[in-house]
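Open the model in your viewer and keep the selection tool ready.

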Amino acid sequence: NAAEKGGYEHFMLKEIYEEPKAVRDTISPRLKDDDVVIEELGMTDEEIRSIRKIDIVACGSASHVGMTAKYVIESMARIPVEVDVASEFRYREPIYEDNMLVIIISQSGETADSLAALRDAKNHGVRTLGIVNVVGSSIAREADNVMYTWAGPEISVATTKAYSAQLAAMYLLSMKFAKVRGMLTDEEFAQLRSDLIQLPDQIESLFGMKEKIQKFANRYLAAGHMFFIGRGIDYAIAMEGSLKLKEISYIHSEAYAAGELKHGTISLIEDGTLVVAVATQEKLYPKTISNIVEVKTRGAFVMALTNLGHTDIEKNADYVIYIPKTSQYFTNSLAIIPLQLFGYYVSVGRGLDVDKPRNLAKSVTVE
Ligand code: G6P
């Protein structure tokens with residue numbers, strides 16, 4: 001078992017260190033000089049152009065990939081996207097239409113609710129696409145088409161590298177759709193392509209802050225609760241950061257769309273409450289800053305995550321983590337790394353079973 005961990009204390013840390021490779025292996029076979037080639041998609045350009053609506057269905061972290069993909073696909077490819085957790089989707093009588101695509105995202109390919117959602121869509125004659133990590137799994141076999149994420153086997157219950165590979169797959173899909181539908185100029189495509197290629201090295205560069213994050217995490221081992229806030233893609237990042245923290249540290253944590261704080265949650269902020277504010281989306285930056293000011297005024301301690309260069313944030317936040325420059329569409333891939341490390345070190349600091357948190361299973365094959 002120690003050998004399987006390759007010298008790392010836990011599978012989770014080992015798998016975090018495997019993220020650059022997982023992203024690279026998912027991207028490189030599909031990213032050509034001036035095109036994205038996803039043969040497994042099994043769709044002609046004509047079929048891609050005729051997509052009217054996409055429904056993304058998933059559970060847990062994979063649903064946070066779905067949330068991110070909704071922002072990316074809608075903005076980049078201008079196709080309407082709905083996202084739902086599978087346990088809701090399968091019972092809500094979704095409206096199936098012609099020229100609709102249902103995308104199921106699943107690491108294991110065996111999650112019961114996700115599989116049921118897939119079958120429901122198929123029964124209604126809707127085209128389905130699986131984004132799956134485990135080759136030959138049920139969802140991979142039953143979906144009309146499957147695009148694999150190449151993260152390799154993931155052992156730790158809390159997903160890290162499969163999540164990152166899923167994000168990469170969704171970026172590729174979005175770029176493909178956008179290109180075929182004429183939504184990207186050659187220059188825009190080239191820029192996205194070069195940003196995508198740089199992601200693995202940029203992820204790797206973030207590992208350098210591991211000691212700094214461990215130190216910070218050690219200050220919060222006894223926290224009662226925490227909040228994660230953000231807008232747009234930053235909201236999706238906040239959702240995943242919050243889930244990582246709570247599932248392995250057992251500290252109550254909530255993610256909030258930053259603009260919704262004032263409708264309730266802000267009453268929970270007390271002196272010293274940790275608020276993690278994600279502010280990587282340039283268009284929304286001033287808005288999120290004003291939310292940081294709001295929680296600061298109520299006594300919160302604010303850890304902010306933003307793009308390199310935004311040193312002005314230090315006027316308002318108490319602790320700042322910078323991520324390298326990338327496309328606005330891809331910031332989740334970088335911002336999530338410090339948040340995974342934060343959850344990991346809080347769990348380690350509390351002496352918990354990081355890889356096998358209580359009550360949780362790696363793959364939920366019963367309803
Ligand atoms: C479980 C795991 C999560 C995962 C979710 C969906 O809850 O602990 O890490 O995100 O299932 O799993 P899937 O295999 O469908 O991605």
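**Before you start.** This is a predicted model: local features need pLDDT of at least 70, side-chain atom pairs count only at pLDDT 80 or more, and totals for chains, interfaces and linings use all residues. Residues are numbered from 1 along each chain as its sequence is written. Helices (H or I, at least four residues) and strands (E, at least two) are DSSP runs, numbered from the N terminus.

**Stop 1: α4 and α11.** Now select residues 60-77 and 233-249. The axes of these helices, α4 and α11, come within 8 Å and cross at roughly 170 degrees. That makes α4 roughly antiparallel to α11 (angles over 145 degrees count as such). Axes are lines fitted to C-alpha atoms, over the stretch in contact, with angles running from 0 to 180 degrees between N-to-C directions. Show S61, H64, M67, T68 and Y71 in α4; they meet I233, A236, M239, E240 and L243 in α11. Contact means C-beta atoms, placed from the backbone, within 7 Å.

**Stop 2: I131.** Move to strand β4 (residues 127-132), where I131 lies. Is I131 buried or exposed? I131 counts as buried, with 29 C-beta neighbours inside 10 Å. The cut-offs are 20 or more other C-beta atoms within 10 Å for buried, 12 or fewer for exposed, and partly exposed in between.

**Stop 3: α2.** Select residues 19-27. The buried residues of α2 are E19, P20, A22, V23, T26 and I27. They cover an arc of only 165 degrees around the axis, so they sit on the same side of α2. The arc is that of the directions from the helix axis to the C-beta atoms. These buried residues pack against α1, α8, α9 and α13.

**Stop 4: two loops.** Most residues other than glycine have a negative phi. R78, in the loop between α4 and β2, has a positive phi of about 55 degrees. N99, in the loop between α5 and β3, has a positive phi near 55 degrees.

How values were computed
Parallel < 35°, antiparallel > 145°, perpendicular 65-115°, else oblique. Contact = placed C-beta atoms within 7 Å.
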